[in-house]
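Please look through the structure shown here. The text then walks through its packed helices, a pocket and some details of the backbone.

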Amino acid sequence: MFPTKAKLLQRLPNLGRTLRCSPVSGKTPYSRLVLGIETSCDDTGAAVLDETGEILGESLHSQTEVHLKTGGIIPPVAQQLHREHIGRVVQEALDRSNVDPSQLSAVATTVKPGLALSLGIGLEFSQRLVKQHNKPFIPIHHMEAHALTVRMLQPVAFPFLVLLVSGGHSLLAVARGVDDFLLLGQSLDIAAGDALDKVARRLSLIKHPQCSTLSGGQAIELLAKDGDRTKFLLTTPMGKTNDCCFSFSGLHHQVTLMIKKKEAEEGIEEGTLLSCVNDIAAATQHTVATHLAKRTHRAILFCKANNLLPSSNPTLVVSGGVASNQYIRKALSIITDKEEVSLLCPPAKFCTDNGVMIAWNGVERLREGKGILPPNVDVCFEPKAPLGVDMIAEVRASGIKLPSIKIRIPN
């Protein structure tokens, strides 16, 4: 289980904790410190961690408010906002940790996957920094960082199954080591978070008094609590395919047609809030949760059949922004309880994009001496980058059929 609340709070900066420093030099007593920088999408994050995983200082600039007004992330806008704030965010993380760049053991930065224009800002800034201070550079795979974040909070041993769900990614993989993953399934079109965001935009939830400052996924989750999912019947995506891949474009299309029909029935124009938004939100959320749960169930059965997880206390880690959704967590717990698998979800703070997870991935790599580059090596960012060894064909060939399980979750 996770550490106690008191222990977890000790890992967070600026909560009354004073950093231990040398009275002479002001330097921290830790032997190795890693600065992590994250700019893969629309959040500019930075954090400094020591080699035990203690967060010495962090900073985050969110672009959510800007992109809510524009109806979605516009890459050039995200790029400009990263450019305007990255210097301040990194300096705040260093100042809050009482660490000078000369004390760093390495700089870890997201270089793949993500929005090209956003990745470029973080990489360019980091390469200038490591060259200026002659520090090693550790390029980070964004999804690898999400997968390993839980190990910062508690000692989760390899191998374990991981479900990563966010606005840009949906995938299932077996984590066998810091840089050793087996990919069991991935999104074939849009990601789970993207589907929820698109439905929220089509419902114009930004105009809802309870949702004006929330992301699309957060708005769906909030309204679904007071909705009746049975009022609208949606088809679970890819119900007859025996693999672990995800598809949410069909669901998005179904909901779009349903919204158009209800607008016609209520005699309102697009952009006006429907009277049944809560019910649509509930039906959409339930269908997304069911699809994720069924795919994850097949992944667990595949891992058991092929001895990819420990026979004693196998673990499923769920991370990424969508992992913050409590309804989805409950749906997954129904599956893990049945299969006697431990379900671990980092706190919501660590599920979304942040500099902490990047710094932690850097710590893990620094410990094992993997992927550490000298400061003068040119590195390219990769907007599209697979995670690990592709096992999707093997999963499909296994033809695993799922037992019938009803995902029933009270609001």
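In this predicted model, start with helix 9, residues 249–266, and helix 10, residues 277–305. Their axes come within 11 Å of each other. They cross at roughly 165 degrees. Angles over 145 degrees count as roughly antiparallel, so helix 9 and helix 10 are roughly antiparallel to each other. The crossing of helix 9 past helix 10 is right-handed. Which residues make the contact? Helix 9 supplies Leu251, Val255, Met258 and Ile259. Helix 10 supplies Ile280, Thr284, Thr287 and Val288. Sorted by class, the residues of this contact are 6 nonpolar and 2 polar, with no charged ones.

Helix 10 also packs with helix 11, residues 326–339. Here the angle is about 30 degrees, and the axes are 9 Å apart. Angles under 35 degrees count as roughly parallel, so helix 10 is roughly parallel to helix 11. This crossing, too, is right-handed. On the side of helix 10, the contact is made by Gln285, His286, Val288, Ala289, Leu292, Ala293, Thr296, His297, Ile300, Leu301 and Lys304. On the side of helix 11, it is made by Tyr327, Ile328, Ala331, Leu332, Ile335, Thr336, Lys338 and Glu339. By class, 11 residues of the contact between helix 10 and helix 11 are nonpolar, 5 are polar and 3 are charged. Val288 of helix 10 takes part in the contact with helix 9 and in the contact with helix 11.

Which element gives the largest share of the lining? Helix 10 does, with 9 residues. The lining of this pocket has 11 nonpolar residues, 11 polar residues and 7 charged residues.

Now move to another helix pair. Helix 3 spans residues 75–97, and helix 4 spans residues 116–133. The two pack at an angle of about 25 degrees. Their axes are 8 Å apart. With that angle under the 35 degree cut-off, helix 3 and helix 4 are therefore roughly parallel to each other. Helix 3 passes helix 4 in a crossing that is right-handed. From helix 3, the contact takes in Pro75, Pro76, Ala78, Gln79, His82, Arg83, Ile86, Gly87 and Val90. From helix 4 come Leu117, Ser118, Ile121, Gly122 and Phe125. The contact of helix 3 with helix 4 has 8 nonpolar residues, 5 polar residues and 1 charged residue.

Follow the chain on from helix 4 to a loop. Asn134 sits in the loop between helix 4 and strand 5, residues 137–141. Asn134 is not a glycine, yet its phi is positive, at about 55 degrees.

One more loop deserves a look. It lies between helix 6, residues 150–153, and strand 6, residues 160–165, and it contains Pro159. Is the peptide bond from Phe158 to Pro159 cis or trans? It is cis, with omega near -5 degrees.

How values were computed:
Residues are numbered from 1 along each chain as its sequence is written. This is a predicted model: local features need pLDDT of at least 70, side-chain atom pairs count only at pLDDT 80 or more; totals for chains, interfaces and linings use all residues. Side-chain values use heavy atoms; hydrogens and water are left out. Axes are lines fitted to C-alpha atoms, for helices over the stretch in contact, and angles run from 0 to 180 degrees between N-to-C directions. Helices (H or I, at least four residues) and strands (E, at least two) are DSSP runs, numbered from the N terminus. Angles under 35 degrees count as roughly parallel, over 145 as roughly antiparallel, 65 to 115 as roughly perpendicular and the rest as oblique. A crossing is left-handed if the near helix is turned anticlockwise from the far one by less than a right angle, and right-handed if clockwise. Contact means heavy atoms within 4.5 Å. Ala, Val, Leu, Ile, Met, Phe, Trp, Tyr, Cys and Pro count as nonpolar, Asp, Glu, Lys and Arg as charged, and the others, Gly among them, as polar.
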